[in-house]
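Try each one before reading its solution.

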Amino acid sequence: MSENSGLSRRRVNTGPASSSEPSPSLFASHAGSAFAGGNKIAFDPRDLERDEEESKTGGKIPHLTLMEEVLLLGLKDHQATQGYLSFWNDNISYALRGCILIELALRRRIAVHKDPNRRRLPLAERLVEVTDDRQTGETILDETLRMMKAQESERMSINAWVDLLSGTTAKHLTFYGFILTGETWNVLKIGYQLKQVRERLAKGLVDKGVLRTEKRNFLLFDMATHPVADLRVKDAVVSRIVALLTAGTSAVPPAAFEAPGTQMRALRSVCLACSAYAASVLDNAFARLGYEERETAFARCDDILAEFAAWPFGSGSLGSTGSKKREGPRIAMGSSSTNGREAVLGLLAEVRKELVEGDDDAGCELVAGVLEVLSKLDSLL
């Protein structure tokens with residue numbers, strides 16, 4: 001066999017058209033190119049979506065949702081029961097469903113249907129519509145949004161949605177519902193009920209590094225608990241509520257709000273305080289207060305709930321509109337101190353600055369409707 005019969009090296013054209021170096025024009029045309037010669041830089045499309053979201057909602061979306069903050073306040077801090085929610089708290093499951101609607105409204109996904117005749121209906125009976133069906137990135141919010149979008153052909157009221165998501169039934173069924181699902185249960189509306197919301201929210205907080213998961217023995221069973229892993233996060237939530245409900249002047253302290261630039265941070269603080277109040281988890285937050293301070297804080301929260309469970313905001317008992325006291329059951333007696341009224345009116349002024357369309361802001365009108373439903377929670381359960 002001759003020497004020329006072996007494998008031969010393939011000849012390569014050394015002209016510019018077949019250069020082994022990639023063409024600069026290839027880099028320039030690549031959307032994510034950050035190589036030399038390119039005219040674009042690498043980017044994550046999710047960053048653009050986040051910027052668009054913040055632009056539409058009027059600020060940065062907080063790291064924790066309203067539901068997660070309420071759940072965080074409800075977790076026990078005592079060593080023996082650390083990481084547990086109260087087994088006998090019926091209010092929290094119902095309140096968490098209301099928080100889901102509030103969070104969707106604050107993110108401008110749902111609003112009250114702008115029917116000119118809606119003013120004739122009670123606030124909680126006004127119809128809800130989906131204004132933006134884009135996903136939020138939060139599993140429970142997106143599940144609720146899809147459910148509401150599928151029901152668009154037959155819109156339902158604020159009160160109906162809170163009831164359906166909760167599966168609320170007569171009091172005697174609640175105990176059996178707890179045994180079966182861990183929450184209230186209604187076999188007739190099971191298609192609408194959000195399942196295991198507490199556990200799913202807790203797992204979401206684990207993913208965010210706020211909680212951790214442990215297994216503890218409870219009577220004869222091993223149960224998963226979720227103690228706080230990052231105490232700074234819970235302390236920040238508690239500090240905001242305490243600052244909001246113990247302010248002694250009309251100027252609301254900055255410590256009562258999220259960081260500057262947060263989307264609707266004043267209204268978010270109001271919703272957090274009122275939702276935690278309705279969910280009966282404020283006792284944990286007030287553990288650091290004395291008896292009189294606790295009573296004052298509860299009364300202040302009652303006054304805040306009265307003013308923001310009405311639309312327009314401030315048309316309750318303390319607003320500048322001069323209307324009569326809001327009728328209907330209230331959770332507490334309410335505060336009559338001058339400082340308390342000034343603090344609530346100062347808070348009203350801060351929230352009104354955030355309304356996108358003033359008294360025509362249909363998203364905030366929905367928030368007011370949910371708060372009205374939560375204000376009557378004790379009479380519903």
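**Exercise 1.** Among contacts in the protein chain between residues at least 6 apart in sequence, what percentage join residues at least 24 apart?

*Solution.* Keep in mind that this is a predicted model. For the contacts in question, the share joining residues at least 24 apart is 69%. As background, the protein chain has 15 helices and 4 strands, and 48% of its 381 residues count as buried.

**Exercise 2.** Classify the aromatic pair that Y277 and F298 form, and locate both residues.

*Solution.* Start with the geometry: the Y277 and F298 rings are 6.1 Å apart, centre to centre, with 40° between the planes. Planes under 30 degrees apart would count as stacked and over 60 as edge-to-face, so the remaining class is tilted. The Y277 and F298 pair is therefore tilted. Next, find the partners: Y277 sits in helix 10 (residues 265-278) and F298 in helix 12 (residues 291-308), 21 residues apart. Both Y277 and F298 are buried.

**Exercise 3.** Why is the pair of F286 and F298 edge-to-face?

*Solution.* First, the ring centres of F286 and F298 are 5.0 Å apart. Second, their planes stand at 80°, so the pair is edge-to-face. Third, F286 lies in the loop between helix 11 (282-285) and helix 12, while F298 belongs to helix 12, so the pair ties together parts 12 residues apart in sequence. Finally, check burial: F286 has a relative accessible area of 0% and F298 one of 18%, and both are buried.

**Exercise 4.** Which residues do ring pairs link into a cluster?

*Solution.* Ring pairs join Y277, F286 and F298 into a cluster.

Key
Residues numbered from 1 in each chain as written. Predicted model: local features only at pLDDT ≥ 70, side-chain atom pairs only at ≥ 80, totals over all residues. Heavy atoms only, no water. Phe/Tyr/Trp six-rings, centres within 6.5 Å; stacked < 30°, edge-to-face > 60°. Helix = DSSP H or I, 4+ residues; strand = E, 2+ residues; numbered from the N terminus. Buried < 20%, exposed > 50% of the residue type's maximum accessible area, 1.4 Å probe, protein only. Contact = heavy atoms within 4.5 Å.
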